[in-house]
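Work through the following exercises with the structure open. Each task is followed by a stepwise solution.

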Amino acid sequence: MSTAKNVTFIPATLDIHTRAPKNAPVKRKVAGYARVSTGSEEQATSYEAQVDYYTSYIKGRDDWEFVGVYTDDGISALSTKKRDGFNQMVQDALDGKIDLIVTKSVSRFARNTVDSLTTIRKLKEHGTECYFEKEGIYSFDSKGELLLTIMSSLAQEESRSISENVTWGQRKRFADGKVSMPYKHFLGYRKGADGLPEIVPEEAEIVRQIYRLFIQGKTPGGIARLLTEEGIPTPGGKTRWQSSVITSILTNEKYKGSALLQKAFTVDYLSKKMKKNEGEVPQYYVEESHPGIIPPEEWNRVQAEIARRQALANCTSGGSVFSSRIFCGDCGCAYGPKVWHSNDKYRRTVWQCNGKFKGEHRCRTPHLYEKDIQTLFLTAYGEILRDRSSVAEDCRYVQRELCDTADLESRMDFLADEMAVAEELIRRCIEDNAAKAQDQAEYYEKYDKYTRRFDALKEEYDTLEKECRERREKFDVIGAFIDALETAADIPIEFDEDTFAAVVEKLTVYADERVEFTFKGGVTVTRQL
């Protein structure tokens, strides 16, 4: 028979989490955390109320020592990466400055389950407890982590639901053709009283200047330097312009009064990562959605000029109305400006082939003085203006014959229908394979057949779409040339850069000193040096 063992109970003297003496009259160092997720006036009031509440609440406890209230104003709780107040609070807790963190609810702390639990566990390891007032949960409680996991998951699901609702609302606005802009960083527009874009006259003039300078031959980099030197602030309020900003302004369809909606989309509601829309989600193109700063014809001419310069690759140069418009008849390379006698009184600028002394071949084409180019242009353009009615009629014929898109659009409609059929076949193929067992080799053979068909149709559709766009651009360029002919008052006697840029496509210089002007209506006039 066993004898009873003598067991003596020894009570714990230290707290299991903080390791502080259990009966010691030590005040807990307490901090509050307040956050609102938007910057609206209503939320700002809530934000201030939270700060005042936690300051009074903590100071009202004799057993608590007030550390402070950490705050994040207008920051989402989906991730802790950009929440400076939250991150500083956690760091101070890890440094031993905080024993207890008081916050309104789990959703105020974090709506990402992983972030929430990771942070709470890290704080727990360093002896810092969290109290969520709304749910009544202490993280040191034995059931605390289970409850926090459930509540964090619910908060994350709420965020997902909100994100989907917001996304649906945005796409509904897109489908309805409602346009919004990032007005603080969008040059030329502000939000009007009716909520629609409204032109800012002084900023609109800067936009027009940018388009005008580009048509006159300036590169985006050259325009950026000029605007910086003139002290004109950027759309973001900075003093230094970048060429990428100029390019963005030159290619943004909103400046002609139209809008392509949903150019980018949010990939994941947790990370908020944005991605350029390359066909993953629908887009909506709204014509005449708001007042335009640049006439559509001029905007289209700029796009055609951008494409022309890109096609010239490394043979281009910028800074003058003649840049990328004069070409060598020997090698096809562009002419560029060269300074002769740069340090003496005979200094002058000439234009010569950029490839003249490259490689074994030596171009025999002559150099040109700017005064010669101007004089040749005046005589060539004068010849066209003397017969402007006949030339304009010929240009209209070219528009009708070469720029008509009816045949392309008809073929594109057919291809669109065929692609829809191919997509449906692919969908059914996948569904059938998921619904019943079948030979996978046969399935992949059928699937590949349908996808190859779709890809071939899409490739032809994209090619026709590009050609259709090029024809429309050519139509506008010729139309602008006709307008220039019909509105010109007299035969010019002085050179004008805007006129030259508006009517001349290119100059070709030949070794026998012939200079051939190709005008934007397709008309050519040859002059001899």
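**Exercise 1.** Classify Arg 472 by its accessibility, then describe its salt bridge.

Solution. The model is a predicted one.
- Step 1: Arg 472 has a relative accessible area of 41%. Partly exposed covers values between under 20% (buried) and over 50% (exposed), so Arg 472 is partly exposed.
- Step 2: the side chain of Arg 472 meets that of Glu 409 in a salt bridge, 2.9 Å from N to O.
- Step 3: Glu 409 belongs to helix H12 and Arg 472 to helix H13, so the bridge ties together parts 63 residues apart in sequence.
- Step 4: Glu 409 is partly exposed, at 31% relative accessibility.

**Exercise 2.** Which parts of the chain does the salt bridge between Asp 407 and Arg 471 link?

Solution.
- Step 1: the closest N and O atoms of Asp 407 and Arg 471 are 3.3 Å apart.
- Step 2: Asp 407 is in helix H12 and Arg 471 in helix H13, 64 residues apart.
- Step 3: Asp 407, at 46% relative accessibility, is partly exposed, whereas Arg 471, at 18%, is buried.

**Exercise 3.** Locate Thr 508 and decide: buried or exposed?

Solution.
- Step 1: Thr 508 lies in strand S16, residues 504-509.
- Step 2: its relative accessibility is 9%. Buried means under 20%, so Thr 508 counts as buried.
- Step 3: leaving aside neighbours within four places in sequence, Thr 508 contacts Phe 327, Gly 329, Arg 514, Val 515 and Glu 516.

Key. Residues numbered from 1 in each chain as written. Predicted model: local features only at pLDDT ≥ 70, side-chain atom pairs only at ≥ 80, totals over all residues. Heavy atoms only, no water. Helix = DSSP H or I, 4+ residues; strand = E, 2+ residues; numbered from the N terminus. Buried < 20%, exposed > 50% of the residue type's maximum accessible area, 1.4 Å probe, protein only. Contact = heavy atoms within 4.5 Å. Salt bridge = Lys/Arg side-chain N within 4 Å of Asp/Glu carboxyl O.
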